[in-house]
Amino acid sequence: MKAYLDNAATTALSQEVIDEMLPFMKQHYGNPSSIHAYGREVRSKMEKGRKLISKLLNCSPSEIYFTSSGTETNNTVIKGCVKSLGVKNIISSKIEHHCVLHAVEEMGKLPDINVHYVDLDEKGHVCFSSLENLLDKVEGKTLVTLMHANNEVGNLVDLKSMSVLCRKYDAYLHSDTVQTLGHYPIDLQELDVDFISGSGHKIHGPKGAGLLYINGNLKIDAFIHGGSQERNMRAGTENTYGIIGLIKALELAHENMDSDIVLVQSLKDYMIEQLESKIPNVSFNGDAKGSSLYTVLNVNIPAGKDSDMLLFNLDIAGIAASSGSACSSGSSVGSHVLSNIGGVCEGSASIRFSFSKYTGREEIDYAVESLERILGL
Ligand SMILES: Cc1ncc(COP(=O)(O)O)c(C=O)c1O
């Protein structure tokens with residue numbers, strides 16, 4: 001038996017997405033910048049897709065850009081705001097994904113750029129009073145970059161309240177929505193944020209296809225220079241089939257969103273229930289039973305013999321889970337998220353299980369049984 005419980009790291013491609021992409025690998029291989037028919041048919045497919053995405057997110061097609069990843073999108077925004085919008089202050093948190101955290105740190109090395117981190121409450125949620133204090137204190141143009149949902153513990157932020165606060169203090173707002181785009185309805189008119197990011201492979205789409213939304217009132221510089229692709233915002237021949245797959249994945253995610261939310265939340269609830277009944281003193285990091293992604297469950301197993309080998313032993317049993325964010329798995333560095341939210345006991349093991357609509361209850365049963373066996377219960 002095997003269990004894939006690492007859907008926050010990446011998801012399986014859905015068959016519909018593969019079917020949509022294949023013709024653009026086999027027959028329709030034109031370069032969308034070419035003016036002949038081969039190029040035009042691909043360009044037309046991409047532009048129809050851009051329109052579709054703008055409808056799903058309630059924005060204009062001219063506000064949507066395709067990139068290579070969530071990482072590239074986040075870098076484009078953070079670096080672009082400093083370079084093009086004259087941002088002097090960046091307000092972020094210590095539990096952002098590394099692509100935000102490290103991009104912010106890089107900007108902080110520049111002269112005249114000040115980086116500030118919001119306080120987090122005992123469950124790891126952004127403390128809004130701390131955000132407001134910082135917004136009130138800083139002088140000069142400010143970018144707030146705070147993720148919509150945390151990829152390791154699942155904590156969800158109230159993006160609308162955050163945008164109201166940012167507007168009050170005239171700050172730009174970027175939110176890393178890589179774990180929420182396609183998982184929750186996102187209405188950009190209603191939310192009133194300036195930048196968001198997305199990634200195809202978190203929603204049963206392809207890897208190497210990302211999305212960037214820039215509020216039409218703002219203009220930032222390109223991150224990659226060269227040709228005039230993506231209206232001069234992102235040079236380089238487009239990953240056409242990746243983009244086409246991303247569009248299809250987002251369309252499908254929206255079509256089935258309500259039922260998928262109910263289904264996947266029930267899987268998470270089931271795993272919580274099973275763990276609580278079978279593993280003594282188990283607890284959950286972050287706000288698992290509160291404002292939290294329905295796809296992510298970060299489990300804390302009390303200290304015991306071989307705690308540090310837990311993930312390895314699960315892997316041997318055929319169970320894919322994660323100790324932190326995917327991009328750091330395989331590295332021996334502990335989770336920067338867990339070390340910044342507190343409440344995690346010395347010597348205990350934390351494991352992130354994450355679910356999708358393709359996860360079966362039998363996979364959860366197998367993971368819980370395996371944990372019991374590995375822990376010698
Ligand atoms: C919250 C968050 N932001 C950004 C990324 C990076 O996205 P990508 O893998 O497309 O570079 C990830 C991926 O794990 C993520 O979870």
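Biologist: Where does N285 lie, and is N285 buried or exposed?

Modeller: This is a predicted model. Start with the position: N285 sits in the loop between β9 (283-284) and β10 (296-301). Then take the accessibility. Buried means under 20% relative accessible area. N285 has 5% relative accessibility, so N285 counts as buried.

Biologist: Which side chains make a polar contact with the side chain of N285?

Modeller: Look for pairs of N or O atoms within 3.5 Å. The N285 side chain has such a contact with the side chain of N298, at 2.7 Å. The side chain of S350 is another partner, at 2.9 Å.

Biologist: Now A235. Where is its place, and what does A235 touch?

Modeller: A235 is in the loop between α8 (229-232) and α9 (240-255). Apply the accessibility cut-off again. A235 is at 5% relative accessibility and therefore counts as buried. Leave out residues up to four places away in sequence, and A235 touches I224, H225, G226, G227 and Q229.

Biologist: And L22: buried, partly exposed or exposed?

Modeller: Partly exposed lies between the buried limit of 20% and the exposed limit of 50%. L22 has a relative accessible area of 33%, so L22 is partly exposed. L22 is found in helix α1 (residues 15-26). The C-alpha atoms of L22 and A235 are separated by 24 Å, and the two residues are 213 residues apart along the chain.

Biologist: Which residues make the nonpolar surface patch?

Modeller: A residue needs over 30% relative accessible area to join a patch. Here L22, M25 and Y241 make a nonpolar patch of about 250 Å².

Biologist: Turn to helix α4. Which residues of α4 are buried, and what covers them?

Modeller: Read a helix residue by residue, then ask what packs over it. In α4 (residues 98-108), the buried residues are C99, V100, L101, A103, V104 and M107. Their cover includes helices α3 (70-85) and α12 (336-341). It also includes strands β3 (89-92), β4 (114-117), β5 (142-145) and β6 (172-175).

Biologist: How many residues surround the ligand, and which are the closest?

Modeller: Count the shell, then look at who supplies it. The ligand is surrounded by 14 residues, and the closest are T71, D176, Q179, S199 and K202. Helix α3 gives the most to this shell, with three residues.

Biologist: What polar side-chain atoms lie by oxygen atoms of the ligand?

Modeller: For S199, a side-chain N or O atom is 2.6 Å from a ligand oxygen. For K202, a polar side-chain atom lies 2.6 Å from a ligand oxygen. For H97, the distance is 3.4 Å. Overall, the protein covers 93% of the 390 Å² of accessible area that the ligand has on its own.

Notes:
Residues are numbered from 1 along each chain as its sequence is written. This is a predicted model: local features need pLDDT of at least 70, side-chain atom pairs count only at pLDDT 80 or more; totals for chains, interfaces and linings use all residues. Side-chain values use heavy atoms; hydrogens and water are left out. Buried means under 20% relative accessible area, exposed over 50%, partly exposed in between (1.4 Å probe, protein chains only). Helices (H or I, at least four residues) and strands (E, at least two) are DSSP runs, numbered from the N terminus. Contact means heavy atoms within 4.5 Å. Patches are made of residues with over 30% relative accessible area and no salt bridge: like charges are joined within 9 Å, nonpolar side chains (Val, Leu, Ile, Met, Phe, Trp, Tyr) within 5 Å. Accessible areas come from the Shrake-Rupley method with a 1.4 Å probe; for residues, only the protein chains shown count as cover. A salt bridge is a side-chain nitrogen of Lys or Arg within 4 Å of a carboxyl oxygen of Asp or Glu. A residue is near a molecule or strand if one of its heavy atoms lies within 4 Å of it. A polar contact is a pair of N or O atoms within 3.5 Å; within protein, one must be able to donate a hydrogen and the other to accept it, and residues adjacent in sequence count only if both atoms are side-chain atoms.
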